[in-house]
Amino acid sequence: MPKVSERLPPHLDIRPLTRSAFAPFGEVIEADPASMRLINGGTTERFHALAATEATGEGARVIINLFRGQPRNFPYEVTMMERHPFGSQSFSPVSGRPFLVVVSEDDNGRPGRPQVFLARGDQGVNYRRNVWHHPLMALGQASDFLVVDRDGPGNNLEEYFFETPYIIKEPGP
């Protein structure tokens, strides 16, 4: 007879997105008073150097995109993760809506157990090069994101599909 854990997919808890919890995977992009500088004659607050982009390989360049993510239905099955070996990838919400961030540490060339963070509508993330993450996860309604990533020659996408999916329950309010 199979064990109970073999019959039910493992559930993932959702935690608030914080700089310290997300540090192994990249940077949280948000207005940080410690990085603020006044510019333009004191009329603009610049929150400086919140994340560093990475683009490696001959002919690589950093590009800016607009992604429109469709909302996910819950409970949601995390069946795959992806990573980009030649460049970082950042997501900053333009629509001001919260979204989920799913990341995983590397476990001998494949993703380990995913971690789930709830990003506020005023927070973005920058996944470092080669960090396992789930594709964009908008909540509630279609949402636009400013995405900065690498363009250029070479295969900058690696995908991994789990044998047993992980389950994310409905995020709270």
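First, a term I need: two strands pair if DSSP finds at least two bridges between them. I also note that this is a predicted model.

Entry one, strand 11. I looked up its partners. Strand 3, residues 26–29, pairs with strand 11 in the antiparallel sense over four bridges. Within that pairing, G26 has Y127 as its bridge partner in strand 11. Strand 8 also runs antiparallel to strand 11, and three bridges join them. There I found Q89 opposite Y127.

Entry two, side chains. Which way do the residues of strand 11 point? G124 and N126 point one way, while V125 and Y127 point the other way. All four are buried. I recalled that side chains in a regular strand alternate between the two faces of the sheet.

N126 is in its lining, and so are I29, S90 and S92, among others. Strand 8 (89–93) and strand 14 (143–151) are the elements that give two or more residues to this lining. By class, I noted seven nonpolar residues, five polar and no charged.

How many cavities of 30 Å³ or more does the structure hold? I found one. The largest cavity has about 50 Å³ of space. Its lining includes Y127, F91 and H134. Strand 9, residues 99–104, gives the most to this lining, with three residues. Eight of the lining residues are nonpolar, one is polar and none is charged.

Definitions and conventions:
Residues are numbered from 1 along each chain as its sequence is written. This is a predicted model: local features need pLDDT of at least 70, side-chain atom pairs count only at pLDDT 80 or more; totals for chains, interfaces and linings use all residues. Side-chain values use heavy atoms; hydrogens and water are left out. On a 1 Å grid over the protein atoms alone, a cavity is a set of points where a 1.4 Å probe fits but cannot get out, and a pocket is an open set with protein on both sides within 12 Å along at least five of seven lines; lining residues have an atom within 4 Å of a point. Ala, Val, Leu, Ile, Met, Phe, Trp, Tyr, Cys and Pro count as nonpolar, Asp, Glu, Lys and Arg as charged, and the others, Gly among them, as polar. Buried means under 20% relative accessible area, exposed over 50%, partly exposed in between (1.4 Å probe, protein chains only). Grid points are joined across faces, edges and corners, and a volume is the space filled by probe spheres set on the points.
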